Amino acid sequence: MAMDPNPKSFPILSYVMARIPSLSPRPPAVEFDIEQPASPPSRHAAKNPSDLSSSSSQIVDDMPHLSDPKVLASMTSAISDVAQTRSILKTLGERPDHEAIDTAKAKLADVEANLSAKLQEIVLSPRPADVEMLEWRALLAERENECRQAADKEKQLYSAIVQLDEMHEAYAKMLKEAEQRLVKIYESAERGLQEEKLDPVSEETNEEVARILQEANEKEIDRINLSSRRLQFLPEEFGRIRGLVVLDISSNQLQNIPDSISGLENLEELNASSNLLESLPDTIGLLQKLKLLNVSGNMLQALPDSICHCRSLVELDVSFNALTYLPTNIGHELVNLEKLSTQLNKIRSLPSSFCDMISLRYLDAHFNELHGLPQAIGKLTQLEYLNLASNFTDLTELPHTFGDLSSLRELDLSNNQIHALPDTFGHLENLEKLNLEQNPLVIPPMEVVNSGLDAVRTFMSKRWLEILEEEDRKRTLEIDEQVQTGWLTRSTTWLKSYISGVSETVSGIVGSPNSPKDPCLEQQL
């Protein structure tokens, strides 16, 4: 489950927690006859595909002291808080997504604002002349208490969402700290057996960094390339190189970027790909001239909301990380973005603001966990390349507005669970490449799909015309019914009026005292 530490990120912690009886998966109960001895387990039955036996043996080979019972007992004691927190979170549930959290925070702010307005209204309300001061104060206190209770009741659900997210955030930090504690315990057990060796490459790198900083003090530098230098940290002094336009620190061992990077006010290109970054500094939002940002191939689990302030961004590459969402307002702010690469992450949904990226031409979101696309995706009328492949069982349908992507030229929907293309698909007149492999398509049928793009487009266009014709037929029938109903109503009204007029005429003739009398009718039989 998602609350278990990832063996790749927390190898020692995963190994130790897997050996705590209360946390390791329990085998299913086996029924047996007390008089019939149980048969010995087979070699194949002892292995479970979900076991981490291979990774466990690997880590023991790399860190042999883990098999020492004393070391393992010490480590188990050191992570008791992690085990307890994991049990609590397992009961509370998975972490809410980013949009749900933002919505909850916004709702809480609204409730607080409404409460403040109501309290101010209560305080400023005039005291009636027939109510004494003490009684009036008690009445105001009662009203204030009622307002606060109503607000607290309204905030319960939203507060629970925010608190659950904070608990998961704290748990994530706890995992990192626990892994560090375990590393120290192991190193103390190993101390004396191995000697640490200095890396001559790191010394050379430090000398090169010092040389660059010295050169920057003497003259203006606009480009720096420190790619593939085994750099483990970036000095704060880099933020003082004001004239820097291009900075390449890719393929190093950086775990963070200093906050001082905000001082690079002229920076247009930043390549920090293939490092060990777990987060980006909030100050990155101050890089107002940044046009290209590449942070692919790191360990990022989230992007800071401040990245939305980099409004000059034209190209953003966040692929091959561990992202589960994008910032809520990313579409509202990054209106100049033309190329976005988010492939090889764990993104479950795109924010609704995404549809406001009116300049977007290229979007690669393959190998994620997308459940669908925003309903207004058709607003991206400049989009030319779209790759949604390999979202597997999560992506099952496309929105009706998909056919409004009028500039789309290349589309990859392979390896998903799409059963039907949207009825508007035939509108994609500029589409040149289409991949629909490995989908359980019914509309269009597979024989049409196998015939190629033109056959698919023709089938969907014909289907759209049939839908329009059916709608026209229904509309015509409705109009005919309305006309027929109106004719009958008018005919009935006319007939009633005619009969009423004749009745009045006859009544007037028969009932008038001055009307001539027929002697034949007057005579008595």
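**Salt bridges, cores and a surface patch**

The structure holds 14 salt bridges, a salt bridge being a side-chain nitrogen of Lys or Arg within 4 Å of a carboxyl oxygen of Asp or Glu. Keep in mind that this is a predicted model: local features need pLDDT of at least 70, side-chain atom pairs count only at pLDDT 80 or more, and totals for chains, interfaces and linings use all residues. Residues are numbered from 1 along each chain as its sequence is written, and side-chain values use heavy atoms, with hydrogens and water left out.

Let's start with Glu112 and Lys155, whose side chains meet in a salt bridge at 2.5 Å, N to O. Glu112 sits in helix 5 (residues 98-124) and Lys155 in helix 6 (residues 133-190), so the pair ties together parts that are 43 residues apart in sequence. Helices here are DSSP runs (H or I, at least four residues), strands are runs of E with at least two, and both are numbered from the N terminus. Lys155 is buried at 15% relative accessibility, while Glu112 is partly exposed at 39%. Buried means under 20% relative accessible area, exposed over 50%, and partly exposed in between (1.4 Å probe, protein chains only).

Next, look at Arg361 and Glu384, which form a salt bridge with their closest N and O atoms 3.2 Å apart. Arg361 is in the loop between strand 6 (339-341) and strand 7 (362-364), and Glu384 in the loop between strand 7 and strand 8, 23 residues apart.

Now for a charged residue without a partner. Asp317, in strand 5 (residues 315-317), is buried yet has no salt bridge; Lys339, the nearest side chain of opposite charge, is 6.9 Å away. For this, Lys and Arg count as positive and Asp and Glu as negative, with His and the chain ends not counted.

What about the inside? The largest nonpolar core has 74 residues, and Phe354 and Phe402 have the most contacts inside it. Such a core is a set of buried Ala, Val, Leu, Ile, Met, Phe, Trp, Tyr and Cys residues joined through side-chain atoms within 4.5 Å. Apart from this core lies another, of 20 residues, including Val16 and Met75.

Finally, the surface: Phe320, Leu344, Phe367 and Phe392 form a nonpolar patch with about 390 Å² of accessible area together. Patches take residues with over 30% relative accessible area and no salt bridge, joining like charges within 9 Å and nonpolar side chains (Val, Leu, Ile, Met, Phe, Trp, Tyr) within 5 Å. Accessible areas come from the Shrake-Rupley method with a 1.4 Å probe; for residues, only the protein chains shown count as cover.
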